[in-house]
Amino acid sequence: MKEIKTLEKAKSVENVAFNILKQAVIYLPEDVKQALKKAYAEETSETGKTQLKAILDNIELAEKYQAPVCQDTGTIIFYIKAGAKAKNLDRIEEALINATRKATKEVPLRPNAVDPFSQKNSGDNTGRLIPYINWEIVPGDSLELTVMTKGGGSENVCVTGMLVPGEGINGLKKFVVDTVIKAGAKPCPPNILGVAIGGGADISMKLAKKSLLKPLNGPNSNPEIAKLEREIFEAVNMTGIGPMGLGGKTTVLGVHVDYAFRHPASFPAAVAFNCWAARRASARISADGTVEYLTHKMK
Amino acid sequence: MTVYKLKTPISEEEIRKLKVNDVLYVTGTIVTARDQAHKRALEYFKQGKPLPLNLEGLAVFHCGPVMRKEGDKWIAVAAGPTTSTRMDIFEDEFVKNFKVRVVIGKGGMGKKTTDAMAKYGAVYGAFTGGAAVLAAKAIKNVRSVEWFDLGMPEAMWIFEAEEFGPLAVAIDSHGNNLFTDVQKTVEENKQRIYQKLGLSP
């Protein structure tokens, strides 16, 4: 009797993971859609406006035909908030891998997991450490699953830099502006930027990338960081890179900043890019098995 | 800004009418090729082996699509462009040897490709990155898939399309490159941004 219950639970995590994966690749979050509409209304470059119109048309078509909003359905990354008292945590990894395989076949997703040595594509979006799972232990007994499907174009321009501590936040601002300019058209602008400092080379990038999950509406609760986000937002939108790098005033839709304390000798900084197709979805599974979809309505 | 609607095979004369910032829609045969397909096509050319089809006058598309098989028929589910700069190392030879008239992608291409397009008569049409369903809906028929051993994204897909676009003509056959122009503007703007942020260059 006990064994059967365990299996049901595992199956449910798999179903929920499949559902959020499907939601993520087809339906962009409401805050991203709103930001794109606003950008379209405000863009002054003719070519830039054509690009934003194509983006908005595409989002509508994806929803209508239930097709992935972009053909690059990304590398699949899960962020798990596991209640310390949640049961069957040892089954979750397997459930997420199964959900990934199922979604690849049924949604469908593009197979994007390649063995770096043999160059062979596994064909099902799984392989060593892929899908990648970030674990966080939180109080309680529920389980929160978030998926980010991260496009390759925007990933290719993510950068970590070890800045000069004496230059402080000014050094960071220059680093971000230079990084966005160097990235140019490559990450499919308008982008969302995740910027993080401190911790270490790995920690700053982990924080920067995780901050891409934050919604675009609502400023940071820390006023000093909110001010920095605003400043970076205005600065990079002055570059003129514009939608798809074809020129215009919309280069980024939003900027998120996060930080950890740093070593006195180090000033690690990371800039993570998301393309306009900023795909993410979350759900919470309570201990009694009820599922609440947090970013999308279940369709 | 002029809107052009061209049918493949496209002649050199037709393509030379287009200027940077024009908008282009392509009807006819569009062939996908990413890094691996470019590499293999050029190897075939070197060895004197024919390609699966003659590319003269056609459009080559930097795209790794999501495809679905229904019965024995392939359907394009999502087919937006991939970053073209990766193909920069191949494209001048590709344009020269195969006489493709339109290269479709995103992110732009460099000087070598721009020079080859001026010399042999081709344009680069930027398709909105990520607009994968918009692209897929313009693909009316999947004629065949070649080199499937390269995997779904890298294989050569041969599409029949209707009014595929909008493509922003970003490199024309007269040596103009919109991306290079934007980069120049951005470099100028950089100094203003540094000033605004109180940074030394």
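Colleague: What is the order of the strands in the open sheet of four strands in chain A, and what pairing does the sheet have?

Modeller: In this predicted model, the four strands of chain A follow the order E4-E7-E5-E6 in an open sheet, and the pairing is mixed. The twist from one strand to the next averages 15°.

Colleague: What makes E4 and E6 of chain A the edge strands?

Modeller: Each of these two strands pairs on one side only, and that is what marks E4 and E6 of chain A as edges.

Colleague: How do you know that strand E5 of chain A pairs with E6(A), and in which sense do the two run?

Modeller: Pairing requires at least two bridges between two strands, and seven bridges join E5(A), residues 191-197, to E6(A), the two running parallel. Within this pair, Asn191(A) is found opposite Val252(A) of E6(A).

Colleague: What makes E5(A) and E7(A) a pair, and what is its sense?

Modeller: Against the requirement of at least two bridges, E5(A) and E7(A) have six, and their sense is antiparallel. Here Ala196(A) faces Ala270(A), which belongs to E7(A).

Colleague: Why is strand E6 of chain A called mostly covered?

Modeller: A residue counts as buried when 20 or more other C-beta atoms lie within 10 Å of its own, and in E6(A), which spans residues 252-259, eight of the eight residues are buried.

Colleague: Which helix lies across E4, E5 and E7 of chain A, and at what angle does it run to E7(A)?

Modeller: That helix is H6(A), running at about 35° to E7(A). H6(A), residues 168-183, also packs with helix H8 of chain A, residues 223-236, at an angle of about 35°, and their axes are 10 Å apart; the crossing of these two helices is right-handed.

Colleague: Which residues of H6(A) and H8(A) meet, and of what class are they?

Modeller: From H6(A) come Ile169(A), Lys173(A), Val176(A), Val177(A) and Val180(A), and they meet Leu228(A), Ile232(A), Ala235(A) and Val236(A) of H8(A). By class, this contact has eight nonpolar residues, no polar ones and one charged residue.

Colleague: Which residues of helix H7 of chain A are buried, and against what do they pack?

Modeller: In H7(A), residues 201-211, the buried residues are Ser204(A), Met205(A), Leu207(A), Ala208(A), Lys209(A), Lys210(A) and Ser211(A). The buried residues of H7(A) pack against E1, E4, E5, E6 and E7 of chain A.

Colleague: Why is Ile15(B) called buried?

Modeller: The threshold is 20 or more other C-beta atoms within 10 Å, and Ile15(B) has 23 such neighbours inside that distance, so Ile15(B) counts as buried. This residue lies in helix H1 of chain B, residues 12-16. Leaving aside neighbours within four places in sequence, Ile15(B) is in contact with Ile10(B), Arg101(B), Gly121(B), Ala122(B), Val123(B) and Ser173(B). The C-alpha atoms of Ile15(B) and Val102(B) are separated by 8.2 Å, although these residues are 87 residues apart along the chain.

Colleague: How many residues does each chain give to the contact between chain A and chain B, and which element gives the largest share of the side of chain A?

Modeller: Chain A contributes 44 residues and chain B contributes 45 residues. On the side of chain A, the largest share is 11 residues and comes from H3(A). That side of chain A divides into 24 nonpolar, 14 polar and six charged residues.

Definitions and conventions: Residues numbered from 1 in each chain as written. Chains lettered and ligands numbered in written order. Predicted model: local features only at pLDDT ≥ 70, side-chain atom pairs only at ≥ 80, totals over all residues. Buried ≥ 20, exposed ≤ 12 C-beta atoms within 10 Å, placed from the backbone. Axes fitted to C-alpha atoms, helices over the stretch in contact; angles between N-to-C directions. Left-handed = near helix turned anticlockwise from the far one by under 90°. Contact = placed C-beta atoms within 7 Å. Nonpolar A, V, L, I, M, F, W, Y, C, P; charged D, E, K, R; others polar.
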